[in-house]
Amino acid sequence: MILLAPQFFWWALAAAAGIVVAHLLVTRQPPSHALPTVRFVPEAPVRAITIARRPDDRRLMLLRILIVLLIGLAMAKPVVVPARRPVARVVLWDRSGAVADPNAARDSVVAWQREGDVVVAFDAAAGIVEQLPAVSPHEPTDRRTDGSAERRIDGPSGRLSPALIVALRAAARLRASVDSIELVIVSPLTGVESDASTSAIRALWPGRIRLVRVAATAEQPATSGGIQVIATPDDPLTLVSRPSTRSGEPTVRVLRSPAAPADSVWAASAPRVLVRWPATGGPPGWQPLSRPDTAGAVIAGGAALVFPLARSWGQGTGDVSARPIARWPDGTVAATERSLGLGCIRDVAVPVEARGDFVLRSDFARFFHAMTAPCGQAVADGKPAPVDTALLVGTGPLAAASAIHPSQSVPTPLTPWLLGAALVLSLVELRVRSRGTALAIEADA
């Protein structure tokens with residue numbers, strides 16, 4: 001057992017020593033009686049003699065010492081450290097709709113899990129699973145950090161970024177009882193699981209990662225190769241864009257500011273996609289609505305972004321060649337596409353929330369990849385680009401426990417029991433002190 005705040009226990013020991021000293025110093029004054037024959041006492045020098053006495057309330061002293069020590073021990077936050085193991089695992093379990101056979105994925109998790117390991121289930125969110133279900137349900141659910149579940153209404157693909165964050169927190173709790181920690185990911189890794197923040201979060205894991213691939217469902221959102229977002233550094237869309245891993249320039253350019261003539265030339269000269277998605281205002285040629293309102297969702301083919309979105313702009317009537325690729329629930333147009341030379345231009349009038357985890361949601365990822373799909377495929381389904389497994393796996397040994405940042409919150413289950421014992425002894429001390437006072441009064445009488 002170790003103490004997370006040992007100074008409180010040292011202070012309790014000092015207080016206990018003070019209690020012993022106080023009990024030795026405090027003695028009961030003997031009763032005084034009148035002496036009527038004092039005139040017969042001869043005159044002589046008076047010598048006072050003090051006789052050292054042992055405390056006659058030793059039980060009360062011991063109770064007070066125990067109470068102080070128990071309170072000090074509780075405030076010192078004792079933690080029972082189990083026997084150290086050489087290796088522990090944190091298993092990330094993809095329970096999203098992207099998994100073709102949920103039961104096969106569960107069997108893979110069972111094969112890698114050992115006693116004391118941590119399983120993190122993830123889809124749009126992630127959380128620690130205390131006990132694996134007998135049969136893995138095919139219906140995707142949102143997993144909270146407390147392990148509870150609720151019906152999910154957003155897209156079917158899992159998100160690696162929140163899962164890696166929960167894995168780091170779980171590893172921080174394991175570091176005190178193991179030498180090394182292995183991170184295992186059980187997922188089809190279809191491509192939309194990662195975003196721009198995944199690589200930065202992956203860099204926080206100080207070791208290699210093991211990938212266990214499972215079969216993916218056939219239906220997945222379309223995507224393109226390199227995506228370039230031209231925006232300010234704090235724009236939320238920069239978090240979900242994925243740079244091209246191939247040589248050459250990106251094939252998709254997302255403009256969050258007004259477009260220039262050179263942008264149209266860039267899109268028309270090759271099979272490229274120019275997405276005009278203004279951060280403020282509406283796309284070129286769109287008109288402000290006379291009565292702005294709030295829509296609960298926007299739909300692009302099989303991608304449905306469910307969120308209360310402000311609807312302030314409507315499609316203009318000037319360009320009849322633009323075809324709708326996304327609509328609001330009432331059928332009005334939210335985004336359009338028109339051909340331009342060898343490429344195409346898309347106009348998107350869907351606001352992007354900068355607060356919270358809006359751009360990290362899986363339904364937003366599906367919508368974003370639909371808006372950045374190759375020309376003519378914004379509402380079609382196709383196979384997404386694969387995750388960069390070499391970057392995700394990494395190289396080198398397993399993560400050393402000492403390299404994991406310690407958790408800021410460590411559970412101390414012994415603390416409430418120690419405080420409860422101190423409370424019970426306080427009641428006993430009150431009872432003993434009351435009885436001692438009554439006996440002293442009777443003796444004096």
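## The disulfide

Cys 344 and Cys 375 form a disulfide, with their sulfur atoms 2.2 Å apart. The cut-off for a disulfide is a pair of cysteine sulfur atoms within 2.5 Å. By this rule the count comes to 1 disulfide in this predicted model. A disulfide is a covalent bond between the sulfur atoms of two cysteines.

The torsion about the S-S bond of Cys 344 and Cys 375 is about -90°, so this disulfide is left-handed. Cys 344 lies in strand β17 (residues 343–348), and Cys 375 in the loop between α7 (362–371) and α8 (389–393), so the pair ties together parts 31 residues apart in sequence. Helices (H or I, at least four residues) and strands (E, at least two) are DSSP runs, numbered from the N terminus. Cys 344 counts as buried, at 1% relative accessibility. Cys 375 counts as partly exposed, at 31%. Buried means under 20% relative accessible area, exposed over 50%, and partly exposed in between (1.4 Å probe, protein chains only).

## Helix α4

Helix α4 covers residues 160–174, 15 residues in total. From first C-alpha to last, α4 reaches 21 Å, close to the 21 Å expected at 1.5 Å a residue. That expected span is 1.5 Å times one less than the number of residues.

Of the 15 residues of α4, 11 are buried, so the helix is largely enclosed by the rest of the structure. Among them are Leu 160, Leu 164, Leu 168 and Ala 172. The cover over the buried residues includes strands β3 (85–94), β4 (118–122), β5 (126–129) and β8 (178–187). Helices α5 (198–202) and α8 also contribute.

## Ser 187

Ser 187 is found in strand β8. Ser 187 is buried, with a relative accessible area of 1%. A polar atom of its side chain lies 3.1 Å from the backbone nitrogen of Leu 189.

Leaving out residues up to four places away in sequence, Ser 187 touches Asp 94, Phe 122, Glu 193, Val 212, Arg 213 and Val 214. Contact means heavy atoms within 4.5 Å.

## Confidence and conventions

The mean pLDDT of the protein is 78, and 74% of its residues reach 70 or more. pLDDT is the predictor's confidence in each residue, from 0 to 100. Over residues 219–224 the pLDDT is below 50, yet this stretch has 32 contacts in the model beyond near neighbours in sequence. Residues 380–385 are also below 50, with 20 such contacts. Where pLDDT is low, the predicted coordinates should not be read in detail.

Residues are numbered from 1 along each chain as its sequence is written, and side-chain values use heavy atoms, without hydrogens and water. In this predicted model, local features need pLDDT of at least 70 and side-chain atom pairs count only at pLDDT 80 or more, while totals for chains, interfaces and linings use all residues.

Technical notes:
A polar contact is a pair of N or O atoms within 3.5 Å; within protein, one must be able to donate a hydrogen and the other to accept it, and residues adjacent in sequence count only if both atoms are side-chain atoms.
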